Amino acid sequence: FFFFFQQKTTEMEKLFLAIFLAAVFLIESSNAAIGYAPFYRYYNGEHLYTINIQEIGTALPGQNGKNGYASEGVQCIVSTEPGLELLPLYRYWNGQEHFYTTNAKEIGTTVPGETGRYGYKSEGIAAYCFNAPNLNTVPLYRYYNGEHFYTTDESEIGTTVPGTVGKNGYNSEGVACYVYPYGATVKQ
C-alpha cells in the first residue's frame, strides 16, 4: 500500500485516497464496538420481546416467568446499541399488548412514559435493528390479529405478503425491520 501511495500520484489523488480510507475505517469501526444480544419472545395471552432476561426471569423455552409470561425462546439477535445503519426498535404498551416499530411517527412519541396514538405508552427502545437487508440478516415480520406478533420464521404464520391473512387469523403487516437469525454470524 505504501509503495502505491508513493507512485506517481497527484496530491488530489492522495487526498482522495486518504479520505476514502478514513471513511472506510469510520464505517467499519462504527459498528465494531456494538453489542448484540438475543431478543427473547414470551407469551401470556400477548407477546413480549426483550433483550433483558431479568425482565421475565427466564429464557428457558416453556418455563414460566414473571407476570405469567412463558418463554418461547430466542426470536432473533438484535443490537443493544445504536450504530451506523441501525434504527431504534421502539416498544409500546397499551394495557393489553406490546407493540414494536422503527417508525417513531406511527405512535407519535418515543419518550418513555408518554402516551401516544391508540393509547400506547412508550416503554423506550427495545433494541436496534436494520431498516434494510444487511449481510446475514433476515426480515422480522409483523402481524396483527387483535394483538401484534413478530417472527423471523415465515412458515410460522404462512404468509409474508402485506394484507394477507395467515395462520391463527394473523394479517401480515410486512417487515418490521431486519435482524440476525438466532445462531447467525453477526457483522461486527
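## Salt bridges and a cavity: worked exercises

At 10% relative accessibility, R91 is classed as buried. The model here is predicted, so keep that in mind as you work through the exercises.

*Solution.* 
- Start with the partner: R91 pairs with E55, and their closest N and O atoms sit 2.5 Å apart.
- The cut-off for buried is under 20%, and R91 at 10% falls on the buried side.

**Exercise B.** How many salt bridges does a search of the whole structure find, and where do R41 and E72 lie?

*Solution.* 
- The search turns up six salt bridges.
- One of them joins the side chains of R41 and E72, at 2.6 Å from N to O.
- R41 belongs to strand β1 (residues 36-43) and E72 to strand β3 (residues 70-79), so the contact ties together parts 31 residues apart in sequence.
- As for accessibility, R41 is buried at 9%, whereas E72 is partly exposed at 33%.

**Exercise C.** Which elements do E106 and R142 connect, and is R142 buried or exposed?

*Solution.* 
- First, the contact: the side chains of E106 and R142 form a salt bridge of 2.7 Å, N to O.
- Then the elements: E106 comes from helix α4 (residues 104-107) and R142 from strand β7 (residues 138-144), so parts 36 residues apart in sequence are tied together.
- Last, accessibility: E106 is partly exposed, at 25%, while R142 is buried, at 12%.
- Back to R41 for a moment: salt bridges with shared partners join R41, E72 and E156 into one network.

*Solution.* 
- Count first: there is one cavity of 30 Å³ or more. The largest cavity holds about 30 Å³ of space.
- Finish with the classes: ten lining residues are nonpolar, one is polar and none is charged.

Technical notes
Residues numbered from 1 in each chain as written. Predicted model: local features only at pLDDT ≥ 70, side-chain atom pairs only at ≥ 80, totals over all residues. Heavy atoms only, no water. Salt bridge = Lys/Arg side-chain N within 4 Å of Asp/Glu carboxyl O. Helix = DSSP H or I, 4+ residues; strand = E, 2+ residues; numbered from the N terminus. Buried < 20%, exposed > 50% of the residue type's maximum accessible area, 1.4 Å probe, protein only. 1 Å grid on protein atoms, 1.4 Å probe; cavity = no way out; pocket = protein on both sides within 12 Å on 5 of 7 lines; lining within 4 Å. Points joined across faces, edges and corners; volume = space filled by probe spheres on them. Nonpolar A, V, L, I, M, F, W, Y, C, P; charged D, E, K, R; others polar.
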